[in-house]
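Me: I am new to this structure and would like to go through its contacts with you. Could you show it to me first?

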Amino acid sequence: MAAPASPSPQPQQPPSPFVELVKGSSGLEKVLLRGPRNCSAEVCLYGGQVTSWKNDHGEELLFVSSKAIFKPPKAIHGGIPICFPQFGAHGNLEQHGFARNRFWTIDNNPPPLPVNPAIKAFVDLILKPSEEDLKIWPHSFEFRLRVALGPSGDLSLTSRIRNTNTDGRPFSYTFAYHTYFSVSDISEVRVEGLETMDYLDNLKAKERFTEQGDAIVFESEIDKVYLAAPPKIAIIDHEKKRTFVLTKEGLPDAVVWNPWDKKAKAMQDFGDGEYKHMLCVEPAAVEKPITLKPGEEWKGRLAISAVPSSYCSGQLDPLKVLQG
C-alpha cells in the first residue's frame, strides 16, 4: 500500500515589510532581513543558515568561502551553520549532524517568544524530521529558529528544540552555532573571555587542558572546546578596529576553530589562503549532551554585536567590551 502523500507545505510568507523572500544566484531561497541604516542579514532556507550579516556601512561581518557550494546535499561552508543533533564527530551521525543540509520552512504561526517591539526584521523557521531522518536518528522533534536583526544592527539566533516523541523516549543531542567571523588577518586577532578555562583539544584526542594565556592568539591550527565558558566572549580585530561581542544563553561551551594552511588546502570547498580571513567562535553544548524528555523544550540563544574597538596601549579594554 502506498504511503499517504505528505500535506502541501504552507506558503513561504515573509512576516513583515522588513523581510523579503528572494532567490540567491544559486537558486536557493533565502530570507533577506533589512534593519535600519543599511544593516542586513540573509538566511538561507537550506540549512536554516545565516549566510550574510552586514553592518550599517554595508561591510560583511561573516565569512563565507569563495568556493562554498550552494547545492544540496553539500553543506554551505561559512556563515552560521546549525550543528544538530550532533556537533563534529561527537556521535554516530555525519559530521555536525543533518540540520545544516536540510530544507527548513518559514513558520507562520510560531509559539510566542518575548518580543522587543523595536525589532522589526526577523524570521521564524522550523525543521521537522523526514522519514529518512528518522531512519538515521529515530526521534521526533520540532526545531524552531528565530533569526532577528536588532535596531542597532545586532544579530540574534534563538533555537527552541522540543521532543515530540510519542513513545515516551527521551533523546540527547549536542549542538553548536558554527559561527564563521570575517577578520582582517588571523594573526591580528585575539579572543578574550576564555582565559583560565579548561578545554578539550580536538587536535590531541580530546585531551583536557587549562588555557594559560591572558587571551587567545593564533599562530597555527586550533580546534578547542572551552568548557563552562562565560556568557560573553569578545573577538578583537586590531587591524579592522572592530570587536565582536558574543552573548550566549543555554549553551555552556564555546568552540574555537581555524583550520590553518594544510587543512585549508585539503578542503575542496575552501580557498587555500582563506583561513587567514576567518575565525570560528561557536557557542555550543558539546561536553554534556542535552537530554529532553517527551514534551520538554530546550532554548539556546546567540546574540552578536560588532562594535568599534577602543585602544589602550595597543590593546582593547576587555572589561569595557565584556561588560558593555
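Me: Let us start with Phe175 and Tyr177: are they buried or exposed?
Reply: Phe175 and Tyr177 are both buried. Buried means under 20% relative accessible area, exposed means over 50%, and partly exposed lies in between, with a 1.4 Å probe and protein chains only.

Me: What should I know about the model itself?
Reply: This is a predicted model, in which local features need pLDDT of at least 70 and side-chain atom pairs count only at pLDDT 80 or more, while totals for chains, interfaces and linings use all residues. Residues are numbered from 1 along each chain as its sequence is written, and side-chain values use heavy atoms, with hydrogens and water left out.

Me: How many aromatic pairs does a search of the whole structure find?
Reply: The search finds 23 aromatic pairs. One of them joins Phe175 and Tyr177 edge-to-face, at 5.1 Å centre to centre and with 90° between the planes. Rings of Phe, Tyr and Trp (its six-membered ring) pair if their centres lie within 6.5 Å; planes under 30 degrees apart count as stacked, over 60 as edge-to-face and the rest as tilted.

Me: And why is the pair of Tyr199 and Tyr226 called tilted?
Reply: The planes of Tyr199 and Tyr226 stand at 45°, with the ring centres 5.2 Å apart, so the pair is tilted. This pair links distant parts of the chain, since Tyr199 belongs to strand 13 (residues 198–201) and Tyr226 to strand 16 (residues 222–226), 27 residues apart. Strands (E, at least two residues) and helices (H or I, at least four) are DSSP runs, numbered from the N terminus.

Me: Buried or exposed, those two tyrosines?
Reply: Tyr199 is buried at a relative accessible area of 9%, and Tyr226 is buried at 0%.

Me: Which residues do ring pairs link into a cluster?
Reply: The cluster includes Phe84, Trp104, Phe171, Phe175, Tyr177 and Trp298.

Me: Changing topic: how many salt bridges does the structure hold?
Reply: It holds 19 salt bridges, each being a side-chain nitrogen of Lys or Arg within 4 Å of a carboxyl oxygen of Asp or Glu. One of them joins the side chains of Arg208 and Asp198, at 3.2 Å from N to O. Arg208 lies in strand 14 (residues 207–210) and Asp198 in strand 13, 10 residues apart. Arg208 is partly exposed at 47%, and Asp198 is partly exposed at 26%.

Me: What about Glu211 and Lys224?
Reply: Their side chains meet in a salt bridge of 4.0 Å, N to O. Glu211 sits in the loop between strand 14 and strand 15 (216–217), whereas Lys224 is in strand 16. Both Glu211 and Lys224 are buried.

Me: Where in the chain are Arg301 and Glu249?
Reply: Arg301 is in strand 21 (residues 297–308) and Glu249 is in strand 18 (residues 242–249), 52 residues apart. Their side chains form a salt bridge at 3.8 Å, N to O.

Me: Last topic: in what sense do strand 1 and strand 2 pair?
Reply: Strand 1 (residues 19–23) and strand 2 (residues 29–34) pair in the antiparallel sense over five bridges; strands pair if DSSP finds at least two bridges between them. Glu20 has Leu32 of strand 2 as its bridge partner. In their hairpin, with five residues between the strands, Gly27 takes a positive phi near 95°.
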